[in-house]
Amino acid sequence: GGGRQGLTPRAADYSLWYQEVIQAAELADQSPVKGCMVIRPTGMALWDALRSALDERIKESGAQNAYFPLFIPVSFLSKEAEHVEGFAKECAVVTHHRLRSTEGGKAVEPDPDAELEEPLIVRPTSETMIWHMFQKWIMSYRDLPLKVNQWANVVRWELRTRPFLRSAEFLWQEGHTAHATREEAVETARQMLDVYADVCRDVLAMPVVKGVKSPTERFAGADDTFTIEALMQNGWALQSGTSHFLGQNFAKAFDVTFSDDANQQQHVWATSWGVSTRLVGALIMSHSDDAGLVLPPAVAPTQAVVVPISPGPDKQPEQHAELMAFVDAQVASMRAAGVRVSIDTRWNVRPGPKFFEYERKGVPLRIEAGPRDMAAGKLVVARRTGGDKFDLPAGEGVGGAIAAELDAMQGALLAAAEARLSDGTRETDSYAEMADALAAAEGAGSGGAGLFLVPWFDDAAAEKSIKDETKATIRCFPLGEQHRAEGRVCFYSGKPATHMALFGRAF
């Protein structure tokens with residue numbers, strides 16, 4: 001794959017297709033550091049668009065941006081027992097503060113005289129550092145709620161990596177809040193989950209299921225983990241964002257108390273919440289096809305590209321100048337309508353290869369304009385999502401027409417993804433039915449069989465058995481379905497159901 005002849009089809013090898021889409025669209029590249037990726041400008045532009053949309057909503061929630069150190073003293077991590085256990089195996093550790101030349105000067109090595117008194121870990125997440133600071137900043141109920149957000153990179157040493165989905169270093173935002181009451185903290189954790197779900201739907205055209213994680217899948221140190229789960233085209237689930245109600249665990253570990261209005265000392269209640277560049281992976285897998293990347297217009301760095309059909313300024317200067325004046329007027333109308341549009345002026349590249357390139361890069365609309373189109377007062381438009389080319393009248397109204405076309409594409413991509421989630425979720429009371437469907441999907445090479453909504457008696461041992469037998473895990477207990485567990489029996493154990501659970505294979 002990856003040549004002019006086209007990509008590996010999804011049905012043949014989904015994993016290889018995913019890598020080839022990323023390469024063909026120039027989103028990311030491998031780095032010389034195992035497990036780390038280089039995010040290329042187009043990939044970074046997608047993250048920037050997501051970041052802008054999220055940052056606005058995070059600030060609307062009352063959180064302010066801050067920045068905390070990359071390095072965390074190793075002793076901090078051990079203060080919250082569950083937290084250290086959850087992250088210990090993934091931590092990168094710094095032990096020295098300088099290098100020296102080896103004998104002969106051909107290489108460098110850590111200087112034995114420069115060993116740190118206390119090793120530092122490269123942050124896998126910042127709870128411990130932030131709670132150390134909260135302890136200094138929070139004195140009274142007047143200091144609450146305290147809400148901070150950080151845009152940063154984190155390191156979790158991963159051996160099996162996939163670009164954007166799982167890498168040793170990734171970009172993310174992490175929000176951390178402290179509250180006077182349990183109710184306010186839970187409300188904040190739920191509110192941020194809604195923010196994530198809204199951004200996925202409105203910006204990425206990706207519907208998600210909102211739910212709470214089973215105790216087994218919960219974040220290390222949380223009382224509850226809320227999650228958004230998306231369904232990819234191959235029938236696998238992808239955890240796309242989490243929001244944690246931390247109870248008073250970190251407050252007690254770091255002794256963060258406040259004096260309430262009765263002048264009594266109380267521990268604060270806490271949340272943390274984050275999404276990462278994994279959302280770029282979710283975006284790629286939600287919409288892309290066998291021809292390459294497909295981008296919803298809301299997140300596309302370039303929403304439309306105009307390809308003038310001209311031999312260039314040297315061969316027919318007068319005709320070329322007239323055509324470019326026509327193109328510039330149409331582009332001005334589009335920009336005035338808020339469309340992110342570019343003009344391809346590479347006269348040494350033929351139109352065919354240009355269209356092929358923009359198809360692979362997922363540009364929503366490709367627009368061609370040649371001398372005949374100019375004479376007829378029109379533009380010829382092709383949608384990345386397929387269908388016949390169509391004409392649009394040139395002139396003042398073209399910007400509004402292109403903007404309306406982009407809105408319709410955004411809506412159509414969301415509708416298709418919603419139908420896929422709905423069609424890919426089945427309800428069953430039979431464990432055998434789920435196990436058979438998963439086995440059949442794996443046998444057919446498609447990997448996943450979608451999501452299974454089932455009555456469930458919460459039991460960690462049974463959950464592990466199902467994972468061992470089918471590779472499926474509880475993605476979440478969907479928030480909107482829990483009232484339906486009453487009076488039903490668990491599909492696995494036959495005990496009275498405690499929850500409605502959503503099972504599926506996951507990345």
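The following questions and answers concern a predicted model of a protein structure.

User: In the open sheet of five strands, which are the edge strands?

Analyst: The sheet has mixed pairing, and its strands come in the order E18-E17-E19-E20-E21. An edge strand pairs on one side only. This description applies to strand E18 (341-343) and strand E21 (390-393).

User: In E18, what is the bridge partner of Val305?

Analyst: Strands E17 and E18 pair in the parallel sense, over three bridges. In E18, the bridge partner of Val305 is Ser342.

User: What angle does the direction of helix H9 make with that of E18?

Analyst: From one strand of the sheet to the next, the twist averages 30°. Helix H9 (residues 317-336) packs on this sheet and touches E17, E18, E19 and strand E20 (378-383). The angle between the direction of H9 and that of E18 is about 170°.

User: At what angle to E19 does helix H12 run?

Analyst: Helix H12 comprises residues 398-423. H12 lies across E19, E20 and E21. Its angle to E19 is about 150°.

User: Is Asp111 buried or exposed?

Analyst: Asp111 lies in the loop between strand E7 (108-110) and strand E8 (115-122). A residue counts as buried when its relative accessible area is under 20%. Because the relative accessible area of Asp111 is 9%, this residue is buried.

User: With which side chain does the side chain of Asp111 make a polar contact?

Analyst: Leaving aside neighbours within four places in sequence, Asp111 is in contact with His96, Arg98, Leu99 and Arg100. A polar atom of the Asp111 side chain also lies 2.9 Å from the backbone nitrogen of Asp113. The side-chain partner in the polar contact, at 2.9 Å, is Arg98.

User: Which residues lie nearest the centre of the largest pocket?

Analyst: The largest pocket holds about 1,800 Å³ of space. Several elements each supply at least two residues of its lining, including helix H4 (81-87), strand E10 (169-179) and helix H14 (460-470). Of the 50 residues that line the pocket, those nearest its centre are Glu158, Arg166, Gln239, Arg278 and Phe507.

Conventions:
Residues are numbered from 1 along each chain as its sequence is written. This is a predicted model: local features need pLDDT of at least 70, side-chain atom pairs count only at pLDDT 80 or more; totals for chains, interfaces and linings use all residues. Side-chain values use heavy atoms; hydrogens and water are left out. Two strands pair if DSSP finds at least two bridges between them. Helices (H or I, at least four residues) and strands (E, at least two) are DSSP runs, numbered from the N terminus. Axes are lines fitted to C-alpha atoms, for helices over the stretch in contact, and angles run from 0 to 180 degrees between N-to-C directions. Contact means heavy atoms within 4.5 Å. Buried means under 20% relative accessible area, exposed over 50%, partly exposed in between (1.4 Å probe, protein chains only). A polar contact is a pair of N or O atoms within 3.5 Å; within protein, one must be able to donate a hydrogen and the other to accept it, and residues adjacent in sequence count only if both atoms are side-chain atoms. On a 1 Å grid over the protein atoms alone, a cavity is a set of points where a 1.4 Å probe fits but cannot get out, and a pocket is an open set with protein on both sides within 12 Å along at least five of seven lines; lining residues have an atom within 4 Å of a point. Grid points are joined across faces, edges and corners, and a volume is the space filled by probe spheres set on the points.
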